Amino acid sequence: VTRTPGYPAFLAAIFAFAGGQRLGAVVLAQGVLITLAALEIYLLAHRLCGRRWEATLLAALIGGNLYIANWARVILSEALTYWIIVTILLSFERYLHRLYALNMLAMTLLWIVAIFTRPQLLYLPFILLSVLAIRAARQKRFAERWRPLALSFALSYGIVLAYMGAFAATYGSFGLSKVSNVNLLGTAMALHYRYHMPLDGAESRFDGLRADALAFRGGRPDPWGFIAAYPEYDTNAGAPYGTFASQVLRAHPGYVARGAYDTFLTTTSWNQTPAALAPLDKLPFWLAPLLQLSTLIGLAYACLPLLFLGAAVTAWRRSDDAGMVALFALMLVVVAHIAVAVLADFESFDRLRFPVDWAMLLVSGLVVIALLTGRIDLRSSHSVAPS
Amino acid sequence: MALTSDADRPSAIARALRWLHGPLISRARQHLLPLGIVFLITVGAQIMIQLQAPHVVTYSDSGEYLAVARRLLAGDLTPASRRPM
């Protein structure tokens, strides 16, 4: 009830193979996935820029990024989600070149697994299928290409809706897991703590819950602590506090926007060490510079608005250029992922954001290399994007 | 009557050798070194982290995932609301 079954099924498969609950085997499997993802990023980068050594440099920067590598030893769904997203976008790029049904099938299966691993990724099929549909329309080939797109859309969301229906029949709450309700409560509590957002605007039937939320003093926005202190609200997979929080948040869009903006800014001023590694001053001399290099992710995110707009305009003008459309799709996935993550965040935004960090590094790296090698000339009106 | 005899047909080894020298494999071969470099750097980064902090990191969320995994492994698919307390 608390979690979707994707990551637990992955853990169960490893335990079945390893002959028991061996966390070391999970770390090893996650390390393999992170390595596979780096190799796939090389292939994708090569497809996008057409140059082996530039693709090698970018994939090595991402594969060698200590912040990314560190997720291998964390028993959370991040490493699995990271690999799935990389593989989906590699398949997507291939599908742009060759409209093979096998590529579409692989993508569809992968994003269904992705949603059941991380419900946050519910946006993924919609966004990528929309890009394919708009491209087909721009090329005046929608009539001949819409069928596989519609089939994939129906299959993906049909399965998700069927699961949600079964969930509602079992727990009395239409959703994918309890965590989304906990996150909503966490967001409302965080905005109340940080910006003194009033916890009002919900229906009167939630007056008791509101009074308890105001009286609760966890020292920080702690939805799990609140649920433990007031178990009477923890029914129907958290529907009472989920509905209460969503009504409060809808009544205060200004606070939500301010919180989302401030949360996004924490990314651009990012200077934290990977979770559970030693503080910078206690690291061996050879590791500290590598860790500093890994914080390039923050710098890459600072360029997000500019890169997104640039990719959108160029992809619209050059919809025949599969590489450019793939680049735009990468940026679109990053923007959608960040938008969902800043709204769902109450204390772990960097974790929610992590599975798309590689895409930000890849796109900004491709643009930097193209600028340095003169393939994008900012002085000319006929700029050539990497493709 | 067959138009070609078995003797005219290239052997399996000859066909495999021809395939190995074909465009697909030669294209794949040119990526071996870059892929090898990326592989070594990625694995190297993970080894560095293991040397620096050789422990598995778990959070409270990890416990929930592990609990569900144990149930899946035991074949217990009963919803939480219907399990005996």
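Colleague: Why is Arg51(A) called partly exposed?

Modeller: This is a predicted model, and in it Arg51(A) has 36% relative accessibility.

Colleague: What makes Glu54(A) buried?

Modeller: Its relative accessible area is 17%. Buried means under 20%, so Glu54(A) is buried.

Colleague: Why is the pair Glu54(A) and Arg51(A) called a salt bridge?

Modeller: The closest N and O atoms are 4.0 Å apart. The rule asks for a side-chain nitrogen of Arg within 4 Å of a carboxyl oxygen of Glu. Therefore the pair counts as a salt bridge.

Colleague: How do you know that Arg118(A) and Glu78(A) form a salt bridge?

Modeller: Their side chains meet at 3.0 Å, N to O. The limit is 4 Å, so the pair qualifies.

Colleague: What makes this pair a tie between separate parts of the chain?

Modeller: Arg118(A) lies in the loop between α6 and α7 of chain A, and Glu78(A) in helix α5 of chain A, so the pair ties together parts that are 40 residues apart in sequence.

Colleague: Are Arg118(A) and Glu78(A) buried or exposed?

Modeller: Arg118(A) has a relative accessible area of 6%. For Glu78(A) the value is 0%. The cut-off for buried is under 20%, so Arg118(A) is buried and Glu78(A) is buried.

Colleague: Which residues join Arg118(A) and Glu78(A) in one network?

Modeller: Salt bridges with shared partners also bring in Arg3(A), Arg351(A), Asp61(B) and Glu64(B).

Key
Residues are numbered from 1 along each chain as its sequence is written. Chains are lettered from A and ligands numbered from 1 in the order in which they are written. This is a predicted model: local features need pLDDT of at least 70, side-chain atom pairs count only at pLDDT 80 or more; totals for chains, interfaces and linings use all residues. Side-chain values use heavy atoms; hydrogens and water are left out. Buried means under 20% relative accessible area, exposed over 50%, partly exposed in between (1.4 Å probe, protein chains only). Helices (H or I, at least four residues) and strands (E, at least two) are DSSP runs, numbered from the N terminus.
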